[in-house]
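Q: Could we go through this protein together, starting from the overall fold and then looking at a few residues?

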Amino acid sequence: MTVTRGSGESQRPAMEDAEGSRRPVLVVGVDGSAAAVAALEWALEQAQLSGARVVALAVSEPPPVLAGDLGIVGGVMVPQLIEDEEMAAVAEQWLTDAIAALPVGTVRAVERHVVHGDAATVLLDAARDADLLVLGNHGRGALASAVLGSVAQRCAHHVVCPLVLIPAPKTSQTAGDS
């Protein structure tokens, strides 16, 4: 687990519960990975200890703009990618699967949201009003992160609240991921 402090002071509005007292808010990024499930589980454990609200956020990223029915992605001609509605359904399924994968007895009071946009931008916007941003860390090497981009890395550089990175469970990593 990695914990970092945000780069600026957050201007958090008061998030009050029914009794009028402020409850901390933990935002968790969910992307269909085992690391995201581990992050959600960790956030729920923290919420049990602190009384925080957990907001699970899956991001439906827009597909790249392609000309006609074919486009070039990574130097390869590919057919038109899935539509926004299909991607939103995939993101919703990520949330459903992540919650279903939690251990029995884990509190499942999770606010679920699917938001369309760039993953890092959406997470950073949500974290602006949060007390903590929790993300799964896929543990890619430096080269893969540089080529593919890293949402966690972008968030670490721009987040205004504390950030916790939860590594993928050892059982989900392949032999080459160490």
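Predicted model: local features only at pLDDT ≥ 70, side-chain atom pairs only at ≥ 80, totals over all residues.

Q: How many helices and strands does the protein have?
A: The protein has five helices and eight strands, where helices (H or I, at least four residues) and strands (E, at least two) are DSSP runs numbered from the N terminus. Along the sequence they follow the pattern β-β-α-β-β-β-α-β-α-β-α-α-β.

Q: And what share of the residues counts as buried?
A: Of the 178 residues, 37% count as buried, and buried here means under 20% relative accessible area, with exposed meaning over 50% and partly exposed in between (1.4 Å probe, protein chains only). The protein exposes about 9,900 Å², of which carbon and sulfur atoms supply 57%; accessible areas come from the Shrake-Rupley method with a 1.4 Å probe, and for residues only the protein chains shown count as cover.

Q: What part of the contacts comes from residues 24 or more positions apart?
A: Such pairs account for 76% of the contacts with a separation of 6 or more, a contact being heavy atoms within 4.5 Å.

Q: Switching to helix α2, what should its span be, and what is it in the model?
A: Helix α2 covers residues 84-100, and at 1.5 Å a residue its 17 residues should span 24 Å, which agrees with the 24 Å between its end C-alpha atoms. The expected span is 1.5 Å times one less than the number of residues.

Q: Which residues of α2 are buried?
A: They are M87, A91, L95, A98 and I99. Seen down the axis of α2, the buried residues fall within an arc of 120 degrees, so they line one face of the helix; the arc is that of the directions from the helix axis to the C-beta atoms. On the other side of α2, E85 and A100 are exposed.

Q: What covers the buried residues of α2?
A: The cover includes β2 (25-30), α1 (34-50), β3 (53-60) and β6 (110-116).

Q: What about V110, which partners does it have?
A: V110 lies in strand β6 and is buried, with a relative accessible area of 14%. Beyond its neighbours within four places in sequence, V110 is in contact with L40, L44, V54, A56 and I99. V110 and I99 are 11 residues apart in sequence, and their C-alpha atoms are 8.4 Å apart in space.

Q: And V28, is it buried or exposed?
A: V28, in strand β2, is buried, with a relative accessible area of 0%. With neighbours within four places in sequence left aside, V28 is in contact with A39, L40, A43, V54, V55, A56, L57 and V134.

Q: New topic: how many disulfides are there?
A: The count comes to zero, a disulfide being a pair of cysteine sulfur atoms within 2.5 Å. The sulfur of C155 is 9.4 Å from the closest cysteine sulfur, in C161, which is too far for a bond.

Q: Are those two cysteines buried or exposed?
A: C155 is buried, with a relative accessible area of 0%, and C161 is also buried, with a relative accessible area of 0%.

Q: Which residues of α3 are buried, and what covers them?
A: In helix α3 (residues 119-127) the buried residues are A119, A120, V122, L123, L124 and A127, and their cover includes β2, β3, β6, β7 (132-137) and α5.

Q: How far is A156 from A120?
A: Their C-alpha atoms are separated by 9.7 Å, with the two residues 36 apart along the chain. A156 is found in helix α5 (residues 151-158) and is partly exposed, with a relative accessible area of 30%.

Q: Last one: which side chain does S33 contact?
A: The side chain of S33 makes a polar contact with that of D31 at 2.6 Å. A polar contact is a pair of N or O atoms within 3.5 Å; within protein, one must be able to donate a hydrogen and the other to accept it, and residues adjacent in sequence count only if both atoms are side-chain atoms. S33 is found in the loop between β2 and α1 and counts as buried at 15% relative accessibility.

Conventions. Residues numbered from 1 in each chain as written. Heavy atoms only, no water.
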